[in-house]
Amino acid sequence: MAKAAASVFSCPECGYSSGRWLGRCPGCGEFGTLVEESKFTEGGAPVAAAKPLLRLVEVEAEEADRISTGVPELDRVLGGGLVPASLVLVGGEPGVGKSTLLLMALRAITDSGRRALLVTGEESRAQVKLRADRLGGAGAIEILAETELETVCATLESERPDVCVIDSVQTLYAGELASAPGSVAQVREAAGRLLRVAKDSGVAVFLVGHVTKDGAVAGPRVLEHLVDCVLQFEGDRYRAHRVLRAAKNRFGSTNEIGVFEMTGTGLVGVPDPSELFGRSEAGEVGAAVACALEGTRPILLEIQALVSPTDLAMPRRVATGVDPKRLAMIVAVLGRHARVALGGADVFVNVAGGVRIDEPGADLAIALAIASAARGVPVKDGLAAFGEVGLTGRVRAATQAERRLEECAKLGLSTVLAPKGTPRHGAVALVEAGTAAQALPLGLAEATAERD
Ligand SMILES: Nc1ncnc2c1ncn2[C@@H]1O[C@H](COP(=O)(O)OP(=O)(O)OP(=O)(O)O)[C@@H](O)[C@H]1O
Ligand SMILES: [Mg+2]
């Protein structure tokens with residue numbers, strides 16, 4: 001006989017589930033995170049009727065239907081605006097500004113004559129009002145302070161606003177499930193039900209989700225498969241800058257980023273992040289400017305490196321904003337192909353402004369910053385670099401070189417160190433390097449230059 005009403009034990013951190021309780025979650029390795037949840041049992045087998053089919057060519061859909069959120073940076077990350085009836089998960093650490101961003105978007109949406117609803121489970125109506133006042137008014141935003149999933153779904157179905165924000169999905173509670181709000185089963189159920197409501201009633205829904213210690217959106221990973229877009233809102237705790245990026249987007253590129261600055265009157269979009277992050281001090285050892293591409297937008301970023309002698313058997317390679325594997329590879333290539341020996345030194349690399357770069361086009365600038373720090377020689381004045389460094393030491397061509405060169409010219413950089421074969425474009429002087437070894441003397445200032 002099958003076990004009736006069996007319990008499952010799931011980990012709210014990573015979504016791992018097991019038939020019995022375990023002290024340590026095998027999924028994420030955390031201790032004491034598994035909690036008991038009773039399985040949701042459905043009634044008898046439903047009787048289903050067949051549905052008529054439709055040819056895809058007969059389906060009517062218009063790209064122009066996208067709803068502008070009134071926040072250009074958010075629109076860009078969404079792929080040109082919000083798609084009606086879509087489900088967007090916005091994740092971010094506590095206090096990064098998720099509620100602020102979405103409240104600003106809702107206000108702008110109501111200003112354009114659409115209906116926008118804010119479902120708040122975390123804050124009271126008065127608290128939301130105070131924030132709205134600080135941000136410059138509440139427009140015609142409608143508000144519902146509710147955590148009961150059933151009520152939220154019923155309200156959405158009857159009111160049918162154009163856009164709805166659920167702040168946050170972890171506070172929603174389905175009465176028929178025994179587990180606590182925020183648990184795996186509850187979050188999964190809430191997202192599933194809201195997805196159906198969004199698709200059936202044509203409401204575009206933003207779900208606010210909290211982030212775990214490792215930066216993943218809390219709750220089961222299944223949430224990420226369910227929704228149409230996953231946006232991550234990241235920020236440097238000590239700075240006012242915030243970066244919004246798409247981890248998944250069914251309607252657009254995942255490479256786009258939106259940059260904001262947190263001010264007392266709300267988040268202000270930074271249309272020109274290069275100006276902010278791409279300035280380096282002339283003559284500074286261990287700093288290089290990379291011209292990386294984020295989606296369709298080139299962005300200049302200052303890369304800083306520190307190389308310090310160590311007695312550790314395994315020297316440290318610490319990367320902030322750069323993939324640690326990529327850093328290890330660049331260090332190895334520099335040692336093997338460019339005679340920059342780093343075996344006895346710790347290497348630290350940091351991208352200014354708390355920005356993260358995943359693009360391989362930044363490799364050359366990272367290599368230049370490390371070599372500059374290792375040799376104690378600054379990078380040439382007014383120089384930016386781009387190009388992917390391969391394992392053989394060759395510098396590979398990077399995509400969209402023209403746009404990168406335009407960005408460098410715009411910021412007044414005089415020279416760009418680029419892969420061999422890069423076509424000349426605009427006013428900046430182009431210096432071509434075929435290998436990492438060739439790039440170093442071209443990018444670094446003369447070793448004889450006086451230093452203090
Ligand atoms: N008066 C103010 N001046 C400047 N910044 C402010 C002010 N009030 C709030 N902030 C900023 O707004 C942030 C909080 O924003 P918000 O409540 O939108 O974050 P959140 O991501 O929704 O947080 P939570 O996860 O706790 O809901 C604060 O961390 C702070 O940086
Ligand atoms: Mg909030």
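Reply: One term to begin with. A polar contact is a pair of N or O atoms within 3.5 Å; within protein, one must be able to donate a hydrogen and the other to accept it, and residues adjacent in sequence count only if both atoms are side-chain atoms. Also, this is a predicted model: local features need pLDDT of at least 70, side-chain atom pairs count only at pLDDT 80 or more, and totals for chains, interfaces and linings use all residues. Residues are numbered from 1 along each chain as its sequence is written, chains are lettered from A and ligands numbered from 1 in the order in which they are written, and side-chain values use heavy atoms, with hydrogens and water left out.

Me: OK, the ligand. How far is an oxygen atom of ligand 1 from the side chain of Arg-131?

Reply: The distance is 2.7 Å, to an N or O atom in the side chain of Arg-131. For the side chain of Thr-100, an N or O atom is 2.5 Å from an oxygen atom of ligand 1. Gly-97 uses its backbone: an N or O atom there lies 3.0 Å from a ligand 1 oxygen.

Me: How much of ligand 1 does the protein cover?

Reply: 64% of the 650 Å² of accessible area that ligand 1 has on its own. Such areas come from the Shrake-Rupley method with a 1.4 Å probe; for residues, only the protein chains shown count as cover.

Me: Which element gives the largest share of the shell around ligand 1?

Reply: Helix H2, with 3 residues. Helices (H or I, at least four residues) and strands (E, at least two) are DSSP runs, numbered from the N terminus. H2 covers 98-111, and helix H3 (125-134) and strand E11 (257-263) also give two or more residues.

Me: New topic. Is E7 mostly covered or open?

Reply: Covered: 5 of its 5 residues are buried. Buried means under 20% relative accessible area, exposed over 50%, partly exposed in between (1.4 Å probe, protein chains only).

Me: Which way do the residues of E7 point?

Reply: Val-163, Val-165 and Asp-167 point one way, Cys-164 and Ile-166 the other. In a regular strand the side chains alternate between the two faces of the sheet.

Me: Which strands pair with E7?

Reply: Strand E5 (residues 116-120) is one, in the parallel sense over 5 bridges. Strand E8 (residues 204-210) is another, also parallel, over 4 bridges. Two strands pair if DSSP finds at least two bridges between them. Val-165 has Leu-118 as a bridge partner and stands opposite Phe-206 in E8.

Me: Where is the cis peptide bond?

Reply: Between Asp-167 and Ser-168, with omega about 0°. Ser-168 sits in the loop between E7 (163-167) and helix H5 (184-201).

Me: And Ala-85, buried or exposed?

Reply: Buried, at 16% relative accessible area. Ala-85 has a positive phi of about 65° although it is not a glycine. Arg-160 has one too, about 45°, but Arg-160 is partly exposed at 47%.

Me: Last one. What is the strand order in the open sheet of 7 strands?

Reply: E15-E16-E14-E13-E17-E20-E21, with mixed pairing. E15 (317-320) and E21 (429-433) stand at the edges with a single partner strand each, so one side of each has no neighbour in the sheet.

Me: Which strands do E13 and E17 show us about parallel pairing?

Reply: E13 (residues 287-294) and E17 (residues 383-385) pair in the parallel sense over 2 bridges. Val-289 stands opposite Ala-384 in E17.
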